Amino acid sequence: RLRNNYRRLLNAFKSHYTKVQVFYSYKTNCIPAVVKVLDEEGCGAEVVSPYELWLAYRLGVESSKIIYNGVNKSVEDLKTAIQKKTALINVDSESEIFRLQKAAEELKSTVNFGIRIYPEVGWRAQFGIQPEGDGILNLCRQLHETSLLKLCCIHIHIFIGISSTRDYEKAIERVFSLLKNL
């Protein structure tokens with residue numbers, strides 16, 4: 001059933017856009033047998049902690065199929081992810097960006113990263129960087145100057161209990177507005 005549900009989800013998106021990848025949230029259920037089945041199906045791993053990152057690598061998930069999210073990752077956590085050649089590291093604050101830059105410089109490694117923005121839709125927590133104003137634009141200009149950090153995506157997280165498509169539309173509009181400015 002798990003395999004079938006994964007295939008149905010993937011194919012629902014692929015019927016509209018061929019370049020789709022699905023990444024399963026280990027936070028949701030990190031029982032090794034479950035995530036191993038998903039890996040066998042081609043699903044990527046979205047991890048949010050050093051343990052989940054370790055588990056994905058322990059189960060043989062390819063580094064190109066791992067996204068490392070989560071809040072307040074330490075320099076050591078980031079160095080581990082960089083050394084393992086994790087495909088993408090999403091950061092959610094300016095201080096974490098600077099920790100990522102420090103880790104990349106110490107390891108002399110290029111890092112693909114994303115910035116989590118606060119979309120002001122759904123769960124109103126402390127996660128993400130405010131996309132308005134010149135702050136994020138100036139930060140991205142500074143990061144563009146370094147050859148080690150490669151901004152690859154904008155990431156958002158909104159509450160799962162949203163029942164209106166309008167909330168998703170608002171979040172997407174905020175992302176596109178930021179992308180246009182970038």
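**Helix packing and salt bridges**

Reply: Helix α4 (residues 75–83) packs with helix α5 (residues 94–107) at an angle of about 55°, their axes being 9 Å apart. Because angles under 35 degrees count as roughly parallel, over 145 as roughly antiparallel, 65 to 115 as roughly perpendicular and the rest as oblique, α4 is oblique to α5. Axes are lines fitted to C-alpha atoms, for helices over the stretch in contact, and angles run from 0 to 180 degrees between N-to-C directions. Helices are DSSP runs (H or I, at least four residues), numbered from the N terminus. This is a predicted model, in which local features need pLDDT of at least 70 and side-chain atom pairs count only at pLDDT 80 or more, while totals for chains, interfaces and linings use all residues. Residues are numbered from 1 along each chain as its sequence is written, and side-chain values use heavy atoms, leaving out hydrogens and water.

Me: Which side chains of lysine and glutamate meet in a salt bridge at 2.6 Å, N to O?

Reply: A salt bridge is a side-chain nitrogen of Lys or Arg within 4 Å of a carboxyl oxygen of Asp or Glu. Here lysine 79 and glutamate 106 meet in this way, linking helix α4 to helix α5 across 27 residues.

Me: Is lysine 79 buried or exposed?

Reply: Buried means under 20% relative accessible area, exposed over 50%, and partly exposed in between (1.4 Å probe, protein chains only). Lysine 79 is buried, because its relative accessible area is 15%. Glutamate 106, at 41%, counts as partly exposed.

Conventions. Helices (H or I, at least four residues) and strands (E, at least two) are DSSP runs, numbered from the N terminus.
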